[in-house]
Amino acid sequence: MASQIPRVDVVFLAYSKATRKAPSVTLDSICTVSLYELQRHLQTKRTERNSMGAAAYKHYKWYNAMLAEELRTTGKGQPRPLLQAFHWYIETSNRDAFRIEGQQYDAVSLIVAAEVEHWYCARPGHSSQGSRARISFGTSIAPQKPIVASSTGQLRHRSSTTLERIREEC
């Protein structure tokens, strides 16, 4: 029986000033990562941190830590040996796509795994991060319905994941 490598989607959301342009979605890369590789890469980035800038380094540390967390958690007490990471770049002019939990941000990154989604949001002088469980349809637990502002400014209730909301809002 062949074992399948678990997948995570890493989404970098970028703002485009071009209004009325359809959002562009690009699959930048697909790579397979291990804890060993993440640790080595973090050591390399530590030596480069002065040339990166504080905000970029803080974002990278979050990215590395969330992938490492996904590798360490299987729900069965054993670490995953590998993860397959799909890196997506989405460019949109829809400012509502950058509104997370009622706050407006300039940059949004998501790591979406099978059971959890992690987010990192930043604007000048402030960043925020968090995680929440993804609840699939068909389970007996009903997810809370967050209120999301649509591009028309109307408020509506949604029970989708952050990535699904971004896709619909774009």
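Tyr-60 and Tyr-63 are separated by about one helical turn, being three residues apart in helix H2 (residues 54–72); helices (H or I, at least four residues) and strands (E, at least two) are DSSP runs, numbered from the N terminus. The model is a predicted one, in which local features need pLDDT of at least 70 and side-chain atom pairs count only at pLDDT 80 or more, while totals for chains, interfaces and linings use all residues. Residues are numbered from 1 along each chain as its sequence is written, and side-chain values use heavy atoms, with hydrogens and water left out.

A pair of aromatic rings is described by the distance of the centres and the angle of the planes. Rings of Phe, Tyr and Trp (its six-membered ring) pair if their centres lie within 6.5 Å; planes under 30 degrees apart count as stacked, over 60 as edge-to-face and the rest as tilted. The structure holds three aromatic pairs. In one of them, the ring centres of Tyr-60 and Tyr-63 are 6.1 Å apart and the planes stand at 45°, so this pair is tilted. Tyr-60 is buried, at a relative accessible area of 8%, and Tyr-63 is buried too, at 16% (buried means under 20% relative accessible area, exposed over 50%, partly exposed in between, with a 1.4 Å probe and protein chains only).

Trp-62 and Tyr-120 also form a tilted pair, with ring centres 5.4 Å apart and planes at 40°. Trp-62 belongs to helix H2 and Tyr-120 to strand S7 (residues 116–123), so the pair ties together parts that are 58 residues apart in sequence. Both Trp-62 and Tyr-120 are buried.
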